[in-house]
Amino acid sequence: MPSWIRDCWYVIAWDHEIAPASDTGPLFSRTVLGEPIVVLRAADGTPVALEDRCCHRHAPLSRGRREGDSVRCGYHGLRFDLDGRCVEAPGMERPPARAQVRRYPVAVRNGWVFVWPGDPARADPAWLPDNFSCAQLQWHHRPGYLHYDANWLLICDNLLDFSHLSYVHERTLGGSVAIAQARPEIDPIDGPGAPGIRVRRFVPDIDTPPYYRAMGVTVPRVDRWFDYDFVLPGTLLMASGGRPAGQAPDDPRDTVRLHSCQTLTPETEHTTHYFFQQSHRGDVADPALVDGMFRVLTAAFEEDRQMITAQARTIALDPTRRMLPLHIDAALLRFRDLVAQARAREAGADTAAVPAARVVA
Amino acid sequence: MPSWIRDCWYVIAWDHEIAPASDTGPLFSRTVLGEPIVVLRAADGTPVALEDRCCHRHAPLSRGRREGDSVRCGYHGLRFDLDGRCVEAPGMERPPARAQVRRYPVAVRNGWVFVWPGDPARADPAWLPDNFSCAQLQWHHRPGYLHYDANWLLICDNLLDFSHLSYVHERTLGGSVAIAQARPEIDPIDGPGAPGIRVRRFVPDIDTPPYYRAMGVTVPRVDRWFDYDFVLPGTLLMASGGRPAGQAPDDPRDTVRLHSCQTLTPETEHTTHYFFQQSHRGDVADPALVDGMFRVLTAAFEEDRQMITAQARTIALDPTRRMLPLHIDAALLRFRDLVAQARAREAGADTAAVPAARVVA
Amino acid sequence: MPSWIRDCWYVIAWDHEIAPASDTGPLFSRTVLGEPIVVLRAADGTPVALEDRCCHRHAPLSRGRREGDSVRCGYHGLRFDLDGRCVEAPGMERPPARAQVRRYPVAVRNGWVFVWPGDPARADPAWLPDNFSCAQLQWHHRPGYLHYDANWLLICDNLLDFSHLSYVHERTLGGSVAIAQARPEIDPIDGPGAPGIRVRRFVPDIDTPPYYRAMGVTVPRVDRWFDYDFVLPGTLLMASGGRPAGQAPDDPRDTVRLHSCQTLTPETEHTTHYFFQQSHRGDVADPALVDGMFRVLTAAFEEDRQMITAQARTIALDPTRRMLPLHIDAALLRFRDLVAQARAREAGADTAAVPAARVVA
């Protein structure tokens with residue numbers, strides 16, 4: 001049984017990855033929760049997500065082509081409108097009513113294209129994350145994407161415990177063991193949006209991380225903060241930054257303010273899509289700075305990927321081995337509880353029966 | 001349980017792939033229905049097919065070498081005659097009687113080398129297909145081979161529904177949606193040979209396909225026909241062609257006449273050997289034309305391979321999903337019925353209990 | 001259920017593969033019996049073998065780094081002493097007592113580093129093999145390592161039946177079918193050390209093998225001998241050599257004396273580590289000769305690897321097929337019996353119930 005939740009919004013693409021309706025090139029396809037999905041645009045530009053599996057013989061529709069407001073399968077020529085209904089079947093006067101492919105609820109918000117793989121009746125726009133910095137002009141970044149050979153939950157774990165910054169990212173994002181030593185505040189997020197965990201961590205008077213120099217910070221020591229929400233299915237929204245150690249919070253001098261949006265979409269049980277960006281605020285974008293920040297970020301995320309895929313390979317050698325929960329796992333254990341509860345609800349089980357993961361050591 | 005029939009002739013090689021008896025190079029080996037088979041020639045040139053697995057420790061005999069009318073295993077030196085009997089075991093006076101490898105019934109017909117993986121007592125020469133154009137001098141072609149990462153039945157499906165010519169081969173063999181729209185005549189083949197399906201399709205007055213130009217046809221519109229037998233285990237024998245639209249059948253001017261022999265041999269449940277040729281008739285072979293026709297054919301068959309392996313990957317994402325049979329699937333469904341009945345017979349089951357596949361939409 | 005024995009010494013590395021304690025480079029890790037193990041040295045140079053899986057989230061410790069007499073996990077910074085106890089957990093005053101990784105019994109003998117994956121209480125130094133020629137100055141060699149995509153027992157089989165020299169190594173180590181025809185003496189080894197099989201083979205008056213020329217032997221025919229012990233888990237210790245055919249044993253002229261130590265360590269059920277050397281005796285090492293002998297040996301062992309991995313692939317096509325035991329298999333069958341008995345003992349079964357493998361043909 002897969003480890004994921006179906007009733008959730010999953011990012012399938014950056015908005016700019018989907019070609020305009022007029023494009024005649026290859027169609028965009030990506031697999032989400034083990035389901036192949038083709039994404040194209042209606043004439044008005046709205047993205048449409050259809051099952052990328054012709055109902056006839058299961059050829060991928062993305063190997064066919066667009067014809068006006070329809071997609072024609074490249075194998076036997078069945079043609080589907082953008083609601084997924086077959087409107088033409090070669091050699092038949094009228095296609096059978098059952099000839100249709102699934103159409104997924106789609107939402108676009110701030111440059112992310114979401115699909116809802118679960119029950120369409122439960123697709124709730126309130127559960128879309130507030131990834132504002134992906135689209136606001138004052139927030140500068142390059143959009144990122146990584147493919148992972150690891151289960152999505154291992155990457156959630158990583159994002160829910162920033163103590164790893166001190167070790168995995170010692171030379172990129174980290175720079176001090178104090179991050180690992182700072183005990184974060186952890187609170188539930190129960191609002192009308194997707195459930196999640198709020199994690200806030202303040203780390204006073206530590207070495208300025210290497211990449212701050214590129215942003216003009218020259219003081220050797222800073223106070224840093226990391227405040228983020230991590231919400232279902234696996235989305236991180238973080239305000240972070242730093243200012244000269246001891247400087248008043250309302251003094252804007254030499255202050256770095258960042259906002260990061262990152263989200264995980266299971267491709268299969270063992271592979272994951274990772275969409276991410278980290279923005280810095282400024283009235284004018286400096287392309288060299290934006291590119292430099294992106295290079296630091298992708299170098300750091302590659303450090304994570306190396307570690308997490310090595311972890312996944314080690315787990316695969318003996319999946320029966322138990323992990324040892326520590327206090328630093330408090331946030332990730334709570335999040336895994338949220339996932340377990342959501343899965344139990346989807347399975348129709350009594351969620352009260354889901355035992356909470358506990359820190360036992 | 002594998003999807004194939006055992007009691008059938010399967011092509012293991014083109015005749016020219018098997019070296020002469022005098023050859024001292026590597027031995028020829030290919031896996032058929034999951035069984036490794038080494039093929040070599042007796043002194044008189046007759047191909048012999050032996051299990052490519054030494055009975056002693058299961059080393060492949062094909063890693064050994066020929067010694068006169070015998071094969072010596074390259075691991076511990078057991079030597080087998082061409083009946084598969086061990087005639088020498090180093091260190092023993094006389095090899096044990098049980099020391100033998102299986103010898104498969106072999107047939108050679110018109111350049112195809114066949115093996116019969118099933119019960120040798122049932123090996124029936126009448127079941128060999130009439131692949132005459134592979135060998136007759138007036139029929140010109142180059143022999144083709146493709147390896148597929150897909151189950152053999154998906155490729156049978158492809159060959160049993162030519163509506164795909166209009167879409168997969170739009171720019172190579174096809175050229176008109178009329179092929180997909182033409183309803184073929186479909187009849188059973190019950191003769192003394194292998195059971196199968198006869199499919200005949202006449203497509204009047206359509207655009208001349210691109211490759212006809214290489215054969216000297218300059219009219220813009222033609223009448224085309226595709227008449228083929230598709231027989232167990234997975235062999236297509238097709239007479240096809242075209243003439244200027246509306247021209248009398250007995251008027252030979254500007255007429256293209258082709259004969260094609262194609263056959264599928266499962267390597268494993270998920271991989272397939274595909275042997276094929278398409279011949280055109282002529283008193284004298286024009287090498288440039290023969291090569292050009294072969295290039296068009298292999299380009300087209302590569303189009304099939306791309307589509308079918310994409311289809312196989314999509315099916316693998318969820319093998320439980322049902323396909324939607326349409327009228328264009330009539331021939332392939334009947335053929336799948338033949339396969340199901342043959343498998344039930346081999347399993348000793350009551351074939352009346354095998355439900356026929358039906359077009360439900 | 002895996003095919004190996006746990007209560008045994010397994011070579012994990014050549015001694016020189018493990019960096020000094022002062023080294024700051026990557027840590028050494030290798031998987032043994034499916035368990036990832038990191039090996040490093042204590043301050044006094046003694047190798048220490050720890051489970052290469054942090055108890056916290058199962059990241060490999062070998063992706064961390066050495067800090068004095070401890071290893072720090074590179075993911076969340078847990079630090080372990082060389083007994084495997086966690087001595088620091090970032091963010092905690094004191095690590096929990098349960099935070100530890102397994103430490104394996106280690107032995108170093110003559111350049112081989114051994115680990116004992118089974119019950120430490122049963123780790124018996126008397127079971128270490130006498131691989132003296134790996135370290136004595138008069139015995140010259142280069143240390144060898146090969147990785148195999150095959151189960152370890154198939155390689156044991158190979159080493160327990162030298163009849164293969166005549167065929168697999170016809171052009172390298174072999175040179176005569178007489179090796180295959182010579183019936184060896186086979187005896188049990190019951191001493192206080194690891195149980196095993198003693199195999200002795202004398203092959204009089206055969207062609208001088210090609211590589212003897214490099215050692216100065218110019219006579220065309222030699223008497224050869226191969227005397228070896230093959231002991232659990234899979235270690236060969238062999239004295240072999242040759243002298244001019246018919247020459248008295250106590251006449252040292254033109255005599256080649258070799259000693260070889262080879263050992264197999266299962267990595268997983270389907271992959272194996274192979275450590276080996278073949279030494280020749282001499283007061284002074286001739287680097288050109290040592291290198292030349294190593295090249296012959298590795299060429300020959302690559303011949304084995306090609307054959308055995310082909311055998312493994314053939315077996316994988318149908319693992320249910322039975323092999324046909326012959327007289328030449330007497331030693332390997334006895335050894336497989338030893339393995340079966342040891343596994344039964346480890347499983348707590350009645351070893352009297354383990355049927356002996358028999359030569360049935």
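This is a predicted model: local features need pLDDT of at least 70, side-chain atom pairs count only at pLDDT 80 or more; totals for chains, interfaces and linings use all residues.

Reader: How do you know that the length of helix H3 of chain B agrees with its number of residues?

Author: H3(B) covers residues 287-317, which is 31 residues. At 1.5 Å a residue, the helix should span 45 Å. The end C-alpha atoms are 45 Å apart, so the two values agree.

Reader: What makes Met293(B) and Phe301(B) buried?

Author: The cut-off is 20 or more other C-beta atoms within 10 Å of a residue's own. Met293(B) and Phe301(B) are buried, and so are Leu297(B), Met307(B) and Ile308(B), among others in H3(B). Charged side chains are on the list too, including Glu303(B) and Asp304(B).

Reader: Which elements do the buried residues of H3(B) pack against?

Author: In chain B, they pack against strand E13 (144-148), helix H1 (152-159) and strand E19 (271-281). Strand E3 (35-41) of chain A is a further partner.

Reader: Why is H1(B) called largely enclosed?

Author: Seven of its eight residues are buried, so the rest of the structure largely encloses H1(B). Those buried residues are Trp152(B), Leu154(B), Ile155(B), Cys156(B), Asp157(B), Asn158(B) and Leu159(B).

Reader: How many residues does each chain bring to the contact between chain A and chain C?

Author: Chain A brings 25 residues and chain C brings 22. On the chain A side, helix H2 (165-168), helix H3 (178-181) and helix H4 (287-317) each supply at least two residues. H4(A) gives the most, with six.

Reader: What is the make-up of the side of chain A that touches chain C?

Author: That side has 13 nonpolar residues, seven polar and five charged.

Reader: Where do the domains of chain A lie?

Author: Domain 1 runs over 10-122 and domain 2 over 137-353. Their centres, taken over C-alpha atoms, are 33 Å apart.

Reader: How do you know that the two domains of chain A touch?

Author: The test is C-beta atoms within 7 Å. The contact takes 10 residues from domain 1 of chain A and nine from domain 2 of chain A. On the domain 1 side, strand E1 (10-14) and strand E2 (28-32) of chain A each supply at least two residues. E1(A) gives the most, with four. That side divides into seven nonpolar residues, two polar and one charged.

Notes
Residues are numbered from 1 along each chain as its sequence is written. Chains are lettered from A and ligands numbered from 1 in the order in which they are written. The expected span of a helix is 1.5 Å times one less than its number of residues. A residue is buried if 20 or more other C-beta atoms lie within 10 Å of its own, exposed if 12 or fewer, and partly exposed in between; C-beta atoms are placed from the backbone. Domain bounds come from an automatic or database domain assignment.
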